[in-house]
Amino acid sequence: MQSGAAPMRQLFSPAANSIYWTAITLGFVAILAIPAALIAWARTPYSTGKDEPEEQPVKFDHRHHVRDDGIDCLYCHGGAAASSYAGVPSTSLCMGCHAQIWTESPELAPVRESYFSGTPIRWRRVNRLPDFVFFNHQIHVHKGVGCVTCHGRVDTMGQVFAAQPLTMRFCLDCHRAPEKELRPLDRITDMDYRPDRPQEELGRVLAKELGVRKITDCTACHR
Amino acid sequence: MNDERHPVEHDDAIARRDFVKWMGAALGLAGVAACTRAPSQEIVPYVIAPPEVIPGRARYYATALTLDGYATGVLVESHEGRPTKIEGNPDHPASLGATGAFEQASVLSLYDPARARGVTRSGSVASWQALGDELRRGAWTGRAGRGLHVLLEPTSSPTVEQLLTSIRARWPEAAIHFYAPGSAVNAWSGARIAFGTPGRALEPRFDLRGADVIVALDADFLAHGPAYLRLARQFADRRRYGIAERGASMNRLYAIEPLHTVTGAAADHRARVPAHDVAPFAAALLDAIGAPELAGGIPLPLRAPARPYAKLVAAIARDLAAHRGRSVVLAGPGQPPIVHAMAHAMNAVLENIGRTVMMAPSPILDAGEASHDLAPLADALDAGGVDTLVVLGTNAVYTAPADRPLHVGRARQSIYLGAHEDETAALCTFTVAAAHPLESWGDARAFDGTVSIVQPLIEPLFGGRTAADVLAVLAGTPGSTHDLVRARFAADAPWRRALARGITDDGPTGPVPATLRWDAIAAAMARFTADKGGAGQPELEVVFPLDPRVHDGRFTNNAWLVELPDPVSKLTWTNAATLSPDTAARLDLVDGLEVEVRFQGREVRAPVLVVPGQADGTVGLALGWGRSGAEEIARGRGANAYALRTSEAPYMGMGAVVRATGARRDLPITQRNRRLEGRDEEILHHASLDEHRNAPAGEAKKRGRPLALYDVRPSSTEHQWAMAIDLAVCTGCSACVVACQAENNVPTVGPDGVLLGREMHWLRIDSYFTGDAREPDVLAQPMLCQHCEKAPCEYVCPVNATVHSSDGLNEMVYNRCVGTRFCSNNCPYKVRRFNWFDYHRSEDATEQLVHNPDVTVRERGVMEKCTFCVQRLREHEIRNRTEGLYPPPVTACQQACPTRAIVFGDKRRPGSPVARLSEDERAYAALHDLGTVPRVRYLKSIKNKNPELA
């Protein structure tokens, strides 16, 4: 640097320090806040799809079939008692009744079309689990967990929506203390079921009677 | 900076700063991407649900898979009409519930996207109808079939037999040929010499249950052949636990072989004998046993080359003579007919025939007839006498002897029914996609004549047809193959029963009385001159074995099989010119050097692989590689041994020349160090039977719980899962490796991945050489997650992705894993595998069908390892707790194991096999002193050495 030259311009403005500290602080906040926000976001109903009805290809109304007609859940979703997968009824099962009643209904046109053309109805999935979760209906149904516990009052839903978030916490709450949700085996599909005595007391009795285990091993669901 | 002292060192496409920038951007975008919702999914139910199907629950169907014409009965697991896994059929005589690697991997071949599709004519799409029309228009139709040639794989199918009979009746001049490189023509000829029965050649059926002494003359009977699963089971049943007390009942196996095979590795005594010296060895052995009825004795020139083995021959002869009626001599299919005849003679002299060896007509159609020779077809093609050539299911252009190639183009028209667009398809006018056995109706006989129905589990994915479909067109038989197979049953009940059980009610065909013709054997011996080439200069012999992974080349497009390490050499993804250490040293060759193997004026290039235990002066080059068809995986891998193999030397030949080309190739080998480095006591216990009897007490210290500062005892839940692996009966055949791969969606990584040590097998077979470096014993040890009660991996996982379950499993939680690989680093058994890439991502919709729906398909960045087939355990628990009395769970490896070396079960159940074996006096824990308390216990390997040879 030669003497006599004009004084050098300041490299940093007076606000530089404040900007620097603000940026550092924001950086640290972001490190904590962004993951926290993502974790929180994943639990919002928007993310889990809870309470949000899916538009189905057939305007099937559970209110009518369950409440008015009194059809048991297992009539259509029979796999729930015998398999990991509850199942969606085949078109022929629908036609078992609808070949006799409402045969002309325009609402049922897609069902008739499926049946006569042999192309399956493509339903929208409502209750989603990630691919690394292996849920088994059979054991839950046989150990006193009612349909309503996870699926809600389907008999009041015009269009079915997920009644529960189906997050890992939701599963674990029950796996850690199953007695809070157990009901007698003959009331599994009962939508209006109310325990006739305090649930804690009944749950403990049922857990013992049915041999319910509190399974929290990872491989119970993740394989 | 770009001067001489500071050259630009890396001319990377991506500079470091750019890389960091992109990474930052990717990270940010990944965060944004996380804020999307899971995609909406569909549920597509049946239109009309099959009454037997419950979605989500696997069903099993009995069918059969054939190899070289012989059937192995299997049960196929099907998920909503999608076959995913093959198991053995316990009711089938060739399976007894076990499966080999080929059966396990066949489900991957089913979904192979490289499979041929539909019907093509000169490369463009044609119709099945057009093919039928062309077939009926051939010039031969007016000449009683002259000019029609049909080439099939050897077959045992009663339906195909019936169709061929119709064709022969309708077109008496038509020629029917059978060809497979692995067919048993030498064995049939040998039986013809020895017994001379008319009609179908006889085949020996062995019953090793009653065999105390077994001599295998270049016979890999524990890993190859129509009944190998059964023979391996019977062999192992005489070597199992409790042998210290019942030691007298342990059998003894002598293996005489040029190349190192699974049978050689399992043998108590193994002699490395060049392939050409096996016949002299057999002659010397017969001489030592004594054949008084053989006029003139055994010609000296025949047995003279066996002089170096005199001590061994004498010892084996004495051992055999001491076990008359309780011994077996087997000859390998590659050996010339005279060796088979001599094996029959030895079995006759030793009074084994009728006891441990039954002679019965071969189930293979026309066995022992001239139609099993390819030469007449090659001649007819060259002479222009072929109008229409129909090749059904055998890639004969590729597998034909090099000196008699099939000039398919000289036929006016040719039709090829094949699984792939392979070498034969390239030359044929019409190609028809062959249906996979899991897509076909059919039938086939097992080695003992038991008939199985082949039933389809799925509609042909690519419009495939069966050989019977094509033959039916030629025979003018109306109706589908299903109708033909069904029509062989008079009533519905036996048909249904056969479909359900996998075998028909008829049972096996009976053995026939067989009397040895000593005069014919004497005449054959006089005729036989050992092909020794010129005297003096030590010559190399070349041997072409069937490959234990790809057989004759038909499985070279199956990634599970080509990545399966060879049971002895641990080589993957290629074959190699194998040499003994001494021969390699003499020729100045080392592993990976490329050589040119020249034999009878033809040559191929292959990398060298030094295999201890191979005979000196022998070059081994496995068949089935160096494919040039259109298959993506198979094409161009390894060296084509068929280019050297001639009709005179289909298995072995003298006068090979090996010369280094100067090039090097990296060999994808999964286990480089084969020495135990003196750690036998820590890793692999082994002893001879006598040593074991004399000193079992010293091992107690290896079995107790090690001292520990804090002890983790298993919790008291219902089950405590454990495994025991009996190294005395494990042959290292590797069926379990493929079974595990099929059950657990284990990906393949390719040769480059193997070179980097990234293979993903959850279960591997470690194999070690012990003893003499030239003639080592080979000890196989299946190595899988040991499910340590105090697992080192669990302590170091920062995210608790690997934890212990209450029933004793070391659990791996993929969705928690962040891929630090600390666990793998801390695992003393090195059984954890890391997904370096999304190996499954490139799979198309067809390939994905092979996945087991009960097991997560892992993605990149996740650690994985053996789970003890936890999906089967949980299924068992659920079914047991809801339906009651569900059979105990078996792991995939255990289910496949031919010798039942792997036993799995609940350690807490008193008297359960696994509890008993874990407390066996031979049981030990690998690396016991580390205090990991593994749930897998190994049982000491025991070899029943002949005291005379010790």
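Of the 223 residues of chain A in this predicted model, 24% count as buried. Along the principal axes, the C-alpha atoms of chain A fill a box of roughly 105 × 50 × 30 Å. Chain A is built from 11 helices and one strand. Read from the N terminus, the order of these elements is α-α-α-α-α-α-α-β-α-α-α-α. Among contacts in chain A between residues at least 6 apart in sequence, 72% join residues at least 24 apart.

The domain assignment divides chain A into domain 1 (16–46), domain 2 (51–88 + 126–220) and domain 3 (90–122). Between domain 2 of chain A and domain 3 of chain A, the C-alpha centres lie 27 Å apart. Where these two meet, four residues of domain 2 of chain A are in contact with six residues of domain 3 of chain A. On the domain 2 side of chain A that touches domain 3 of chain A, three residues are nonpolar, none is polar and one is charged.

The box filled by the C-alpha atoms of chain B, taken along the principal axes, is roughly 80 × 80 × 70 Å. Of the contacts in chain B with a separation of 6 or more, 74% are accounted for by residues 24 or more positions apart.

A closer look at one strand of chain B shows how such elements are set into their surroundings. In strand β24 (residues 618–621) of chain B, both faces are covered: B:Thr618 and B:Gly620 on one side are buried, as are B:Val619 and B:Leu621 on the other. In a regular strand the side chains alternate between the two faces of the sheet. Strand β20 (residues 540–543) of chain B runs parallel to β24(B) and is joined to it by three bridges, with B:Thr618 as the bridge partner of B:Glu541. Strand β21 (residues 577–579) of chain B pairs with β24(B) in the antiparallel sense over two bridges; here, B:Thr578 has B:Gly620 as its bridge partner.

The two chains can now be brought together. In the complex, 39 residues of chain A are in contact with 37 residues of chain B. On the chain A side, two or more residues each come from α1 (16–42), α5 (79–82), α6 (91–98), α7 (109–117), β1 (123–124) and α8 (137–142). By class, this side of chain A has 16 nonpolar, 16 polar and seven charged residues. Strand pairing also crosses between the chains: β1(A) and strand β1 (residues 42–43) of chain B run antiparallel and are joined by two bridges. There, A:Arg124 stands opposite B:Glu42.

As for confidence, the predictor gives the complex an ipTM of 0.87 and a pTM of 0.91. Chain B averages a pLDDT of 89, and 94% of the residues score at least 70. Over residues 1–9 of chain B, however, pLDDT stays under 50, and the model has two contacts beyond four places in sequence for this stretch. Where pLDDT is low, the predicted coordinates should not be read in detail.

Methods:
Residues are numbered from 1 along each chain as its sequence is written. Chains are lettered from A and ligands numbered from 1 in the order in which they are written. Two residues are in contact if their C-beta atoms, placed from the backbone, lie within 7 Å. Helices (H or I, at least four residues) and strands (E, at least two) are DSSP runs, numbered from the N terminus. Ala, Val, Leu, Ile, Met, Phe, Trp, Tyr, Cys and Pro count as nonpolar, Asp, Glu, Lys and Arg as charged, and the others, Gly among them, as polar. Two strands pair if DSSP finds at least two bridges between them. A residue is buried if 20 or more other C-beta atoms lie within 10 Å of its own, exposed if 12 or fewer, and partly exposed in between; C-beta atoms are placed from the backbone. Domain bounds come from an automatic or database domain assignment. pLDDT is the predictor's confidence in each residue, from 0 to 100.
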